[in-house]
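This briefing is meant to be read alongside the sequence and the coordinates.

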Amino acid sequence: MSMFKDIPVEVGVIYEGERIRRNDMQVELGGPTVKQKFELAKVKPMDEVEDGKITIVGPDLKDLKEGGAYPFGILVEAAGAKLDAGLEGVIERRIHGYLNYIEGFMHLNQRYDIWMRLGKKSFAKGLNSFEPIGKVLYRLFKSELPIIEKIQITFITDTAKLAEMTPEAMQAYESRDAKARGLKDSEVDTFYGCVLCQSFAPSHVCVITPQRYSNCGAISWFDGKASASIDPKGPVFAIPRGEIINEEKGEFSGVNEAAKKRTMGEVNQVWLYTAFDHPHTSCGCFEAVAFYIPEVDGLGVVQRSFKGAAVNGLPFSTLADSTAGGRQIDGFHGMSIEYMRSQKFFAADGGWNRIVWVPKEVKERVKEFIPRDVVDKIATEEDAKNVDELKAFLKAKNHPVVARWEAEAAPVAEAQAVQVTEEQAATTMMPVATAASLPIMAGGFKIILKDAKIYASKVIIQAKTDEKR
Ligand code: ZN
């Protein structure tokens, strides 16, 4: 693009999905090893913004030691006659796409989870200052969102300044989210879709409704609406809700159609309020992942910043890898933290009554949205470090899932009472499996059959994705 002639590296859409490995990186900004990090957009009065001004507070890229990871903040301040604070979320979310246009620069996640890397090659080509990076952002913002009349950008690596600004940023996110609470899915006829993550997850369409934030936690239904109206050809678009196919599961004809169209037929059916069967797809930038724990027939949640293993023995990264990439994985669900504050949070699965384990940090953040009668029955890493401890905790607290264990145990006991001799069975049915020890998972229970021969009059083989629940 000719508008980037003076930038030392290439800038364009083709660099969007580019990953930079640890060995190839000059520096890391934010990311999992760093505590202070944020990106924030603010809409300001016209006279408070100096158009095109780029400020660097703290050491510049060339002064940062090769291979290091640094605390980092980006502040984008915009002004325009038609701009209001309702557009801050939209402006902020564009930082991700625009920075990824830069050759040898990677931007992941959003808000307080940002993770960036600058590649060694691009650094050697002369991309050794935040100045040209700011210029790229400035020019893309001005050309793609003409509603912005003035914009100034600040890069912060100074730790004192970051310590001062991080709480302010957290406060801004919270007040933005609070504003979006209250409206219900049933009160609108338009949802919004986002394909911002398709460069990393090609079959992913985020469906954003009043009661379901984007997976990244950075786009509310109001942000979706604002984005689609100021930039209809952009990554966020309107989805006419269409017919309600299943109110409980959250299936809407318009959502199915949009998913089908935007994923080229890869995803045809999406249920918005459940983690099972046809859950919402997971991109790669989700704030947390919900995972089914068959041993207790409940769902655990673990957030991106959680250190160590979740209660099922797997760290966030492994759980994220097994659900990411735009796939629908039965029992796994990448999601925002804000979704946990929604009345539709896994509503079809029992909502909070089905949640059994959440790290303390997240539980504290969403506590006031957890029904009072269950809040103390949900374990954190302090209550349970593995599934056995979890089981004991849930039982001791009489968590609602315990009733499910009993309900499901009953038919199994009955089945044992029915005795069929081998000859009787053989005359009408055919043996389909013979094993010395055969484990079967059913409704959260593991049943082990010893020296079993199983007979069936009909064998139905289903894809593994349909097996749970
Ligand atoms: Zn995403």
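In this predicted model, helix α1 passes helix α3 in a right-handed crossing. The two helices, of which α3 spans residues 130–144, pack at an angle of about 115°, and their axes are 10 Å apart. On the α1 side the contact is made by R94, I95, Y98 and L99, and on the α3 side by V136, L137, L140 and F141.

**Confidence of the model**

- The protein chain has a mean pLDDT of 89, with 87% of its residues at 70 or more.
- Over residues 413–439 pLDDT stays under 50, and the model has 27 contacts beyond four places in sequence for this stretch.
- Residues 458–469 also form a stretch in which pLDDT stays under 50, here with 10 contacts beyond four places in sequence.
- Where pLDDT is low, predicted coordinates should not be read in detail.

**Nonpolar cores**

- The largest nonpolar core has 69 residues, and the members that touch the most others are V207, I208, V289, L299, V356 and L390. Strand β14, residues 288–293, gives the largest share of this core, with six residues.
- When neighbours within four places in sequence are left aside, I208 is in contact with F191, Y192, C194, Y213, S214, I219, W221 and G224.

**The sheet that holds β14**

- Four strands form an open sheet in the order β16-β14-β15-β17, and their pairing is mixed. Strands β16 (332–335) and β17 (355–357) stand at the edges with a single partner strand each, so one side of each has no neighbour in the sheet. On average, and with direction ignored, neighbouring strands of this sheet are turned by 35° against each other.
- Strand β14 runs antiparallel to β15, residues 298–303, and six bridges join the two; within this pairing, I293 stands opposite G298 of β15.
- The loop between β14 and β15 contains D297, a residue that has a positive phi of about 55° although it is not a glycine. D297 counts as buried because it has 22 C-beta neighbours inside 10 Å, where 20 or more are required.

**Strand β7 and its partners**

- Strand β7, residues 115–119, is mostly covered, since five of its five residues are buried. W115, R117 and G119 point one way from the strand, whereas M116 and L118 point the other way, and all of them are buried.
- Strand β1, residues 25–30, is joined to β7 by five bridges and runs antiparallel to it; here V27 has L118 as its bridge partner in β7.
- Strand β6, residues 105–108, pairs with β7 in the antiparallel sense over four bridges, and M106 stands opposite R117 in this pairing.
- The hairpin of β6 and β7 has six residues between its strands, and N109 in this hairpin takes a positive phi near 65°.

- Helix α5, residues 221–230, is mostly covered, with seven of its 10 residues buried. These buried residues are W221, D223, G224, K225, A226, S227 and A228.
- The elements that cover the buried residues of α5 include the helices α1 (88–100) and α4 (159–180), together with the strands β9 (190–194), β10 (206–208) and β11 (236–240).

**Two loop positions**

- G250 is placed in the loop between β12 (244–246) and β13 (251–252), and it counts as buried because it has 25 C-beta neighbours inside 10 Å. Although G250 and W271 are 21 residues apart in sequence, they are 5.1 Å apart in space, C-alpha to C-alpha. Beyond its neighbours within four places in sequence, G250 is in contact with W271, L272, Y273, K344 and A348.
- N398 is placed in the loop between α10 (387–397) and α11 (400–417), and its phi near 55° is a positive value in a residue other than glycine. N398 is exposed because it has 10 other C-beta atoms within 10 Å, the cut-off for this class being 12 or fewer.

Methods
Residues are numbered from 1 along each chain as its sequence is written. This is a predicted model: local features need pLDDT of at least 70, side-chain atom pairs count only at pLDDT 80 or more; totals for chains, interfaces and linings use all residues. A nonpolar core is a set of buried Ala, Val, Leu, Ile, Met, Phe, Trp, Tyr and Cys residues joined through C-beta atoms within 7 Å. Two residues are in contact if their C-beta atoms, placed from the backbone, lie within 7 Å. Two strands pair if DSSP finds at least two bridges between them. Axes are lines fitted to C-alpha atoms, for helices over the stretch in contact, and angles run from 0 to 180 degrees between N-to-C directions. pLDDT is the predictor's confidence in each residue, from 0 to 100. A crossing is left-handed if the near helix is turned anticlockwise from the far one by less than a right angle, and right-handed if clockwise.
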